[in-house]
Amino acid sequence: MAEAKKWVMKDPKRENVFWPTAELKKQAWVSDEAIYKKAAADPVAFWSQQAEELHWFKKWDKAYDPAPYAYKWFIGGKTNLSYNSLDRHIQAGHGDRVAIIWEPEPVEEKALHITYKELHERVCRFANGLKSLGVKKGDRVGIYLPMIPEAVVAMQACARIGAPHSVVFSAFSPESLRDRLDDAGAKVLITADGYYRRGKPIDLKKAAEQGAEGTKVEKIVVVKRLDGSASMKAGRDVWYHDLVAKASADCAAEPLDAEHLSFLLYTSGTTGKPKGIMHTTGGYAVQSYLTAKWNFDLHPGDIFWCTADVGWVTGHTYINYGPLMNGVTTFMYEGSPDMPDYGRMWAIVQKHKITQLYTAPTLIRMLIKQGDEWPAKYDLSTLRVLGTVGEPINVDAWMWYFEKIGGERCPIIDTWWQTETGANMVNNLPGVGPFIPTVAGRGFPGIIGDILDSGGQPTKVGEGGYLAIYAPFPPSLTRGIYGDMDRFKNQYFSDYGPERYFTSDGARKDDMGNFRITGRVDDVMNVAGHRLATAEVESALAQNDKVSEVAVVSKPHDLKGEVPVAFVLLRKGIEPSEEIRKDLLATVNRVIGPTGRPEEIIFAHDVPKTRSGKIMRRILKSLVRDEPVGDLTTLLNPETVDELKKAVGYKG
Ligand code: WT7
């Protein structure tokens, strides 16, 4: 293994606390603590100054408008995400730098290198292709693509012409796709004939077609990734390669209002209906650009690998826009981490000389189980910064990542954020630290938040509470839920008022002011880093005609963090069986996709209810977690609890 400098040191006085060395401080964009104070004193001035690093066709008239529920950034300014991702670098003479490296899953297939100039051409052609299909500024475009470069091209092309994209995770079911296309009112859908997953070609076109059925979608653009044998419906379906071949490579980026809707991304709330989170152009650009730069310490020549799927917000911001606005190389891998074996990720780091790796605790835990021999086989010395996101990371996973992957030299940046926040919000900076297992850190400079009790008072050090973010709100914070601004107000601002955004995450702070995020406090689960409402799984199961009632709660899981457990009451006359269990799982698969699959299905005669008939999920949660069930005296049917204790193997 090549010699690599140690950049992180252990705090001699505190256990498991690490600091950047002088060497790392020298390299990092930010190494001075003072930035926090300065930014906090005037967040609007801080963000405005940072915004100057991007290209604006017209500068803003006013930096921030604090209107309740309608806060805005860079009002009157005109910019474009695609211009900032591509044209800006080409104009600076960096067009020959590599923008994307794409590694296909099959090992025998060659990796693809796409320069900024080439990506620019692809994006312009596709943007013109979309225009030729009638897509105009403001029109929503659905994207249902696997991990192929065209996913980035498609998002960039939409951004270029101001057509908000709505990306749907390619493993979501046709029904999930349909709900999202419907809600967004998309007229065009971009998909692929398929992709490779664990060596198997997966047919995506059929799922896309089914999803588009009954929606406003008029045209389906199909990228050829497999053999091109997919059946195409004349008048509706068009091959991507035919479309771009006919299109001009000339397409000026549209100057868009800073507040122009750049994309919708659907995520789970506490109800069965996912919400279309709205993001802007200007504010989103600034925070995506700056957090990517400072948190991962991006410098020219860096090869940044974010392992998320493009279907999640992490993929939007840290595969596509963040790294590209910084002019570095973004690395994309098509497939599964176990193909052909559990060394694939480390083989990739070695082969492509990855400099920053950004991944999720679930994946780390899964790889730990495969043994240390896998990473030990490869040269990982090009890595400088490691990132984690999506769920609380446990100490063991953190330490393994730090020692076995980072060689005790790389800072671990634990970034807390959400689909709603668009970009990173809470984490410590590589040149400032400290890096502490399970602790995300402080708000990014210019982002002010605190841990509050339910009455809205800041909690004391070490005391549990809820994470809230204060106005002036960070530039990339969502501006609302598409078509449902009431839900937006109620969900985020009813707890602490319009000046304090409620995150739905539990947290506590340490004596240095660092936040430790403990997880969701609402009925949203985090299954292998995928956000899912218990209500979504319930409504999926309820679609099965054998089910009369159902309650879903989450339970901790060693690898996946959390998993759903379903309590199912069958209709009269139907007896539980293995066949019914399979049928129920198939229903969830059809309605949500494999991400919604309950880990356990418990057939019950009844579930605990209040006298008004409301299911007491709190009690079910205690039962599956082997925790005290608490007071049962207010229940309508306390006797069910004993029956369920047996069914779940409750030890008490
Ligand atoms: C929820 C948001 C943000 C991109 C991926 C997830 C949890 C996120 C962390 C972290 C502890 C985290 C929170 C949050 N979460 N990052 N570093 N430590 N928890 O986006 O699907 O919108 O989920 O993920 O519970 O609310 P998302």
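## Before we start

The model is a predicted one, so to speak of a local feature takes a pLDDT of at least 70, side-chain atom pairs count only at pLDDT 80 or more, and totals for chains, interfaces and linings use all residues. Residues are numbered from 1 along each chain as its sequence is written, and side-chain values use heavy atoms, with hydrogens and water left out.

## The cores

Let's begin inside. The largest nonpolar core has 161 residues, and Phe126 and Trp346 touch the most other members. A nonpolar core here is a set of buried Ala, Val, Leu, Ile, Met, Phe, Trp, Tyr and Cys residues joined through side-chain atoms within 4.5 Å. Buried stands for under 20% relative accessible area, exposed for over 50%, and partly exposed for what falls in between, using a 1.4 Å probe and protein chains only. Helix H6 (residues 149-161) gives the most to this core, with 9 residues. Helices (H or I, at least four residues) and strands (E, at least two) are DSSP runs numbered from the N terminus.

What does Phe126 touch, once residues up to four places away in sequence are set aside? Its partners are Val153, Ala154, Ala157, Ile190, Val221, Tyr240, Leu243 and Val244, where contact means heavy atoms within 4.5 Å. Another core, of 20 residues, lies apart from the largest one; among its members are Met525, Val537, Val550 and Phe603.

## A covered helix

Helix H4 (residues 81-91) is mostly covered, with 8 of its 11 residues buried. Those are Leu81, Ser82, Tyr83, Asn84, Ser85, Leu86, Asp87 and His89. The cover over them includes strand E5 (78-79), helix H5 (116-132), H6, helix H10 (282-295) and helix H11 (313-325).

Both ends of H4 have something to look at. At its start, a side-chain oxygen of Asn80 comes within 2.7 Å of the backbone nitrogen of Ser82. That is a polar contact: a pair of N or O atoms within 3.5 Å where, within protein, one must be able to donate a hydrogen and the other to accept it, and residues adjacent in sequence count only if both atoms are side-chain atoms. Just after H4, Gly93 has a positive phi of about 90°.

## Sheets and strands

An open sheet of 8 strands runs in the order E14-E13-E10-E8-E9-E16-E17-E25, with mixed pairing. Two strands pair if DSSP finds at least two bridges between them. At the edges sit strand E14 (237-239) and strand E25 (480-481), each pairing on one side only. Within the sheet, strand E8 (residues 141-144) and strand E9 (residues 165-167) run parallel, joined by 3 bridges; Gly142 has Ser166 in E9 as its bridge partner.

Elsewhere, strand E21 (residues 385-389) pairs with E22 in the parallel sense over 4 bridges, and Leu386 has Ile412 in E22 as its bridge partner. E21, helix H15 (residues 395-405) and E22 make a right-handed β-α-β unit; right-handed means that, with the strands pointing away from the viewer, the path from the first strand over the helix to the second runs clockwise. In a regular strand the side chains alternate between the two faces of the sheet. In E22 (residues 412-415), Ile412 and Asp414 point one way, Ile413 and Thr415 point the other way, and all are buried.

## Around the ligand

Which residues are closest to the ligand? Of the 17 that surround it, the closest are Asp414, Thr415, Thr419, Asp505 and Arg531, with a residue counted as near if one of its heavy atoms lies within 4 Å.

A nitrogen atom of the ligand is 2.8 Å from a polar backbone atom of Thr415, and a backbone N or O atom of Gly390 is 3.1 Å from a ligand nitrogen atom. A polar side-chain atom of Arg520 lies 2.9 Å from a ligand oxygen atom.

Gln543, in the loop between helix H17 (534-542) and strand E30 (547-557), counts as partly exposed because its relative accessibility is 42%.

Most residues other than glycine have a negative phi, and most peptide bonds are trans. Asn16 has a positive phi near 55°, and Arg198 has one near 50°. Cis peptide bonds join Met339 to Pro340, with omega about 0°, and Gly433 to Pro434, with omega about -5°.
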